[in-house]
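Look at the sequence and the fold together. The paragraphs below walk through the parts one at a time.

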Amino acid sequence: MDYVVLLKQVPDLAEELEIDSAGTGLDREWMSYVASEWDEYALEEALQLREANGGTVTCLALGVATGDVDEVLATCLARGADRVVKVGSFDESPDSHAAAAAFAEALEPIPHDLILTGVQAIDDLDGQVGPLLAARRGMPHLSVVTHIAVSGDGRSVTAHQEYAGGVVGEFEVDLPAVLGVQSSREAPRYAPVSRVRQLLKTATIETVDVAGGGPRSGLVVESMSVPETGAAAEMIAGNAQAIAERIAELLAERGITGGAAR
Amino acid sequence: MLGRDVTRELFEGISHEGEVLFYVLVALATAIFLVGVGVRLSKYARGRRQDVIGSPVSFAQRAAKSTIDTALNRTVAKRDRYAGVFHAAIMWGFIVLFIGTAILTIESDIVRPLAPQFSFYWGAFYIVYSLILDLLGLAMLVGIAAMAIRRARRPRQLDYTRVDIAPATTDRGGFRTGDWLFLGWLAVLGVTGFVLEGTRILANDYPWFEVFSPVGWVIAGTFGAIGLSPESAEPIRYAMWWGHAVIALVFVAYFPFSKAIHTLADPVNLALRSPLAGRRLPVLQSAGPEPADGHIGIRDLSDLSWKALIDVDSCTKCGRCHVACPAVASGAPLSPRDLILDIRQESDAAWAILAPLSEHRSDHAYGGDGNGTAQADGPGRSDGERLLAGGLISADTLWSCTTCLACVEACPVGIEHVPTIVGMRRSLVDQGIVSPGLQTAFTSLAKQGNSFGQSGRARAKWTDDLPTPIVDARKQDVDWLWFVGDFASFDVRVQEATRLVARVFQSAGMDFGILYEGERSAGNDVRRAGEEGLYELLAEHNVGQLSRARFRRIVTTDPHTLNTLKFEYPDFGGDYEVWHYSQVLAALLESGDLVRRRAIDRRVTYHDPCYLARYSQVTAAPRDVLAAIGADLREMPRNGANTFCCGAGGGRIWQDDSALAERPSEQRIREAAALPGVTDFVTACPKDLTMYTAAVKATGHDEQLVVSDLIELVAAAVDLQFEVPPDDGQGSAEDAATAGVAPG
């Protein structure tokens, strides 16, 4: 069974995000990047499935100039991926259509039974790479899945979708297929820094060129802004001491702590 | 005049055949002894190469000092005079009796057959020899009796109950049998020797000079008094001669397989112990040739260094590490004693070394059928070996260590537990066995350079409220480079103290600067949590930043940072003079750059941070500061190098401690609260400040004790003007302590 995982980097929210002078994107000067959380779930699922059923795990990421794709891919290897591939070369993170086209082309020579990717990413909330890729390659696709299991004959997988009200749907999907992963059965494993550093020096990160082109999403960001503070909200300012006192005061005012104490 | 008749016959009443039999037995016992010692040596030869010698000159100095320590039993007597005195009695009794026997051998087997004219075992020599051996033999027996009484009382350190395994699955009776066998055998050896001597004196009808064998003389007299005649004493003497000989020779044969081996291993181990043990952890490359599968750290027995293997054989189960350890005290599943003994037994079992009288475990942990804790054999594993890190020594056990170094400090035989524990942690990290708390901290440290998950750019935000800005040491030359550290920079409670440090330094006219966002965590705790790659990343970054700044020396408030900057950064290209702020404050108060305006008229106790008192051996400076500002210092029972850990070190602060029976920090607060009239609990470590601020509330002592940093008392004593924005509180101890008290 050959598993393929698609990953991307997103801005690290530990840093304060600032909007650039044009007002249509993030200021990249101070930005740092981390692997997208859902993509890490997808990788963890792939590794777990490989441990249970055997096979290989190949990780693909687009060669984007911002951030550090090599580090993401070396981290995949440190976690146990068998092979990593950097796809194409982009100045900045392309939209979902271009990304799906690039992945579809890159996948041509790579054996793949099950393609896993994060269901979405925080920087576009688009969730389209999986479906677009599936459409391009003529495969079935299922999004927001958990609990992936390979069938006995290895020709299909089952996966869960969780609905509101605690209802779970189980799907059987014929392989090859694309799944958008919502979470993994275990937290993504730790990649020791010494392994990552060693791999960055010694490992082979394959690169494939892609033609690109094809239709784009056609969406343009007109403007980007930080949500304005609503009039109804009180922003508590000051140091930790002052903030804590104000919160205690508010809770007391509303009888929340008073009731609990008695 | 003392003639040649002042002596005794050496093989008195033993026939020629008997003499031959005796020498055959000697040869046999010696052969078994040598084989046993050889097997032990072959065990150490399996260890990984590790340079513990260093420069020959400094090693010779250390070895000489260790030999004196051993001779004087200094390490045994430390904090236990009783054990020290009586152990010395046994040790010197045994050594002198052994030398006495060796002298006899020289006389009877070399001098007499080869050069009888040089025979010396008579006259004055005989009298002095007899007296010395008698007295030292008596001292040995007294020592054995005293130690047996101590052992029979079962003090806490000699209780072998495990902290990590249910009593039902393990039987350590073998340990106790071995202890008593060793002690008892020595006692029987001594007693038979004296009875032999007494019956000999009686059988020879009290030769006058034998009064210089006073113990034998008294025994002879006693036997005479109860009616034994010289003639009837002779068969008893004959039986005793053989009895004593056989018991001694069995002891020689049993020696390398018993507790007695410590008499050979421990002086060597003490001489080999490193003054930097735990302080400077080995870099990865120095661990010898890389294993075929590229694994890191101590994963298997074969990853242990030869020093670590001598360590495990040196252990006498004295239990001093066990009772000093904060993990044991707080109910965590780690005992440094058991960890060492587990590795000893596992290595003996795996390498088929005969080690009778050990622990029997029904969970198949040792040498048994190999299905117990064994995990799948990875690639490159030698046959039959099972996982050490995360296997025999469980991950929970390894993560329980605070690296406080109390075990290494307490160990009388030079065992270095902490480097071995960290080595196994490196393997856990390498295997990806990392708790969620650690993973979060590591990830944040890798990305942002701090464990608080905050932007690295926010590192110097604590300076925003300062009335006078601090120099940026990256742009301007300074005398002192202040390496602030993670907790002092980001923890809100500690920030108050950090700002006071800045203002006290400023008011003393110190020329100092900080690296602002150029600084990252120094990595001391990261390294001790076993994430060596991340530590390298941090150290390389900081050395890079420091190499671009121009300064004369470094000061830090954080003892953990102090340790790694001082002892470990030299391995990464940064060799600095590093001071703790308590030392700087003491110097400033001494020189008059800081002037006490009012006395701190309070009764305080001072908690020695482990990384300051044990690692850097700084105990006087903070006390000098307290004396200079007029505080009335009352010591806790455990102080100085014998301090008790707060539980935060070695990466413990990032891990869940809710499973502990009672946190070490809370036990420490109780220790302080028992001191009459003490109102202030003073520390000199950012982590201590957060740990004890929480502990004093958790134990309900916040009415009685105020936890404060040394700087807070100094700031009050030098009457620092509080012209800070009014909203900021004053960073005073009172404010902080009352902050958490809810109204009502």
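This is a predicted model: local features need pLDDT of at least 70, side-chain atom pairs count only at pLDDT 80 or more; totals for chains, interfaces and linings use all residues.

A residue counts as buried if 20 or more other C-beta atoms lie within 10 Å of its own. In α1(A), the buried residues include A:Trp38, A:Tyr41, A:Leu43, A:Leu47 and A:Leu49. After the helix comes A:Gly54, with a positive phi near 80°.

How many residues of α27(B) are buried? The count is 10 of 13, so the helix is mostly covered by the 10 Å rule. Among the buried ones are B:Pro686, B:Leu689, B:Met691, B:Tyr692 and B:Val696. B:Lys687 and B:Asp688 are buried as well. Just after α27(B), B:Gly700 takes a positive phi of about 75°.

Next, turn to a sheet. Strands of a sheet pair through backbone hydrogen bonds, either parallel or antiparallel. In chain B, 4 strands form an open sheet in the order β9-β8-β10-β11, and the pairing is parallel. Which strands sit at the edges? They are β9 (632-633) and β11 (706-709), each pairing on one side only. Strand β8, residues 603-606, is joined to β9(B) by 2 bridges. B:Arg603 has B:Asp632 of β9(B) as its bridge partner. B:Val604 stands opposite B:Leu633 in β9(B). β8(B) also pairs with β10(B), residues 680-683, in the parallel sense over 3 bridges. There, B:Tyr606 has B:Val682 as its bridge partner.

Step back to the whole of chain B. The domain assignment gives domain 1 (16-43 + 53-158 + 175-268), domain 2 (281-433) and domain 3 (437-739). The centres of domain 2 and domain 3 of chain B, taken over C-alpha atoms, are 32 Å apart. In the contact between them, domain 2 supplies 23 residues and domain 3 supplies 26 residues. On the domain 2 side, α12 (326-329), α15 (406-410) and α16 of chain B each give two or more residues. The largest share, 5 residues, comes from α16(B). By class, this side has 15 nonpolar, 5 polar and 3 charged residues.

Chain B also meets chain A. The contact takes 27 residues from chain B and 22 residues from chain A. On the chain B side, α16 (417-430), α17 (436-448) and α21 (532-548) each give two or more residues. α17(B) gives the largest share, 6 residues. This side has 11 nonpolar, 9 polar and 7 charged residues.

Finally, pick out some single residues. B:Gly523 lies in the loop between β5 (512-514) and α20 (524-528) of chain B. Is B:Gly523 buried or exposed? B:Gly523 is buried, because 30 other C-beta atoms lie within 10 Å. B:Gly523 touches B:Tyr535, B:Leu538, B:Ala539 and B:Thr564, not counting residues up to four places away in sequence. B:Asn542 is 19 residues away from B:Gly523 in sequence, and 9.6 Å away in space, C-alpha to C-alpha.

Two other loops hold a positive phi without a glycine. A:Leu125 has a phi of about 50° and lies between β6 (114-118) and α4 (129-137) of chain A. With 7 other C-beta atoms within 10 Å, A:Leu125 is exposed. B:Arg154 also has a positive phi of about 50°. The loop of B:Arg154 runs between α5 (123-152) and β1 (170-171) of chain B. B:Arg154 counts as exposed because it has 11 C-beta neighbours inside 10 Å.

The bond joins A:Leu175 and A:Pro176, with omega about -5°. A:Pro176 sits in the loop between β9 (168-174) and β10 (177-181) of chain A.

Conventions
Residues are numbered from 1 along each chain as its sequence is written. Chains are lettered from A and ligands numbered from 1 in the order in which they are written. Two residues are in contact if their C-beta atoms, placed from the backbone, lie within 7 Å. Ala, Val, Leu, Ile, Met, Phe, Trp, Tyr, Cys and Pro count as nonpolar, Asp, Glu, Lys and Arg as charged, and the others, Gly among them, as polar. A residue is buried if 20 or more other C-beta atoms lie within 10 Å of its own, exposed if 12 or fewer, and partly exposed in between; C-beta atoms are placed from the backbone. Two strands pair if DSSP finds at least two bridges between them. Domain bounds come from an automatic or database domain assignment.
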